Amino acid sequence: MEFLRTTFRNILFLIFIGVSHASTSANCSCGYIDDQGHVWRESIVTNFTKTSGALAALGNDWIVSTDNEVQSSPATANIQYVTANVLDHNSVLGIQASAYTSGSSNVDCGEIFTERSDILYGTFRMRASVPSVPGVVFGFFSYESDTQEQDIEFLSSGSDSQQHVQYTNQPGTVSGKVDEDSYRDVDVESANFTTFGEHRFDWLKTATEYYYNSNLTATITKNVPTSASEIVVNVWSNGDPEFSQGPPTSNAIASVEYVNLYFNSTSLSEAKFIETCSGAGNIARCTI
């Protein structure tokens with residue numbers, strides 16, 4: 001299944017770069033500078049509040065997953081991503097894990113991922129609200145493999161779920177135990193994640209920096225990915241009593257206002273970027 005999924009993505013990516021290289025707009029040809037002074041060459045900026053609708057905003061930049069992920073014990077159900085669980089919802093994008101049907105082998109879940117899998121370093125930002133229904137995981141992360149992954153994950157079960165977030169540079173365990181050098185379990189006391197806020201990770205060469213509403217909440221220097229990746233947003237449950245819990249007894253929906261990605265890639269070299277910037281007259285970088 002993973003081979004087919006990867007092959008499908010690679011074919012789509014080759015088509016994509018053949019039609020249109022990079023998402024750098026003409027007036028940002030010299031890149032983007034963030035609040036930490038880092039310069040990024042390209043962008044994928046997706047506003048899900050446009051009048052054309054959230055699904056239309058996915059455009060050619062995002063793919064809606066239809067994968068089936070078979071789970072093992074102690075999970076009690078498989079994860080089935082379905083297109084119907086990525087939807088227009090209250091004037092933003094809804095990503096949903098459906099109410100579980102007793103006796104079913106699957107939980108219907110929702111996921112989007114970037115059409116591009118050549119992303120290597122950047123600042124990645126999502127303004128969203130976390131599901132309040134217990135028994136699901138809401139994730140925003142980069143992914144190339146299970147050992148080349150950096151995660152922001154919200155678990156909707158638990159008394160402190162509204163201000164609780166987990167940050168992980170995978171793998172987050174060593175010999176079956178939590179690796180405190182690659183994992184952070186954070187309570188943001190001032191937060192209520194079920195209301196809209198901006199969740200962000202900055203993927204640097206030597207560290208992953210995690211933010212909430214522009215405030216640095218964690219820095220992880222271990223297991224920083226080095227491979228080009230895609231960016232993923234999902235809501236899922238597999239009934240694992242040790243993690244997601246659930247499955248949910250009613251629909252659990254994350255609401256996403258925007259996902260803004262500013263990044264470098266393996267497809268646009270520094271030399272080509274400098275040439276493009278020069279051709280644009282070495283204009284000022286766009287501030288983000």
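Two strands count as paired here if DSSP finds at least two bridges between them. With that in hand, welcome to a set of close-ups from a predicted model.

**View 1. Strand β18 and its two antiparallel partners.** Strand β18 (residues 208-212) is joined to strand β19 (residues 215-220) by 5 bridges, and the two run antiparallel. Across this pairing, Y210 sits opposite A218 in β19. The two strands make a hairpin with 2 residues between them, and N213 in the turn has a positive phi of about 50°. β18 also pairs with strand β17 (residues 197-203), again in the antiparallel sense and over 5 bridges. There, D202 faces E209 of β18, and a hairpin of 4 residues links β17 to β18.

**View 2. How β18 is enclosed.** Which residues cover the two faces of β18? T208, Y210 and Y212 lie on one side, E209 and Y211 on the other, and all of them are buried. Since 5 of the 5 residues of β18 are buried, the strand is largely enclosed by the rest of the structure.

**View 3. A mixed sheet of 3 strands.** This open sheet has the order β2-β1-β22, with mixed pairing. β2 (39-40) and β22 (286-287) are at the edges and have a single partner strand each, so one side of each is left without a neighbour in the sheet. Strand β1 (residues 32-33) pairs with β22 in the parallel sense over 2 bridges. Look for I33, which stands opposite T287 in β22.

**View 4. N78 in strand β6.** N78 belongs to strand β6 (residues 78-81). Is N78 buried or exposed? Its relative accessible area is 18%, and buried means under 20%, so N78 falls on the buried side of the cut-off. The N78 side chain reaches the backbone nitrogen of Q71 at 2.9 Å. Beyond its neighbours within four places in sequence, N78 is in contact with N68, E69, V70, Q71, S105, N106, V107 and S237.

**View 5. N234 in strand β20.** Here the asparagine lies in strand β20 (residues 230-236). N234 is buried, with a relative accessible area of 3%. Which side chain does N234 meet in a polar contact? The partner is E111, and the contact between the two side chains is 3.0 Å. Not counting residues up to four places away in sequence, N234 touches several others, including Y81, I95, G110, V137 and F141.

**View 6. The largest nonpolar core, seen around V256.** The core has 59 residues, and those with the most contacts inside it are L93, I112, F124, F138, F140, V256 and V259. Strand β21 (residues 252-265) gives the most to this core, with 7 residues. Setting aside neighbours within four places in sequence, V256 is in contact with F48, V92, L93, I95, M126, R127, A128, F138 and F196. Another core, of 5 residues, lies apart from the largest one; I63, F113, Y143 and V232 are among its members.

**View 7. The largest pocket and its lining.** This pocket has a volume of about 960 Å³. What lies nearest its centre? Of the 30 lining residues, E149, D151, E153, Q170 and W236 do. At least two lining residues come from each of α1 (2-19), β6, β11 (137-145), β12 (148-155), β13 (164-169) and β20. Strand β20 gives the most to the lining, with 4 residues.

Technical notes: Residues numbered from 1 in each chain as written. Predicted model: local features only at pLDDT ≥ 70, side-chain atom pairs only at ≥ 80, totals over all residues. Heavy atoms only, no water. Buried < 20%, exposed > 50% of the residue type's maximum accessible area, 1.4 Å probe, protein only. Polar contact = N/O pair within 3.5 Å; in protein donor to acceptor, adjacent residues only side chain to side chain. Contact = heavy atoms within 4.5 Å. Core = buried A, V, L, I, M, F, W, Y, C linked by side-chain atoms within 4.5 Å. 1 Å grid on protein atoms, 1.4 Å probe; cavity = no way out; pocket = protein on both sides within 12 Å on 5 of 7 lines; lining within 4 Å. Points joined across faces, edges and corners; volume = space filled by probe spheres on them.
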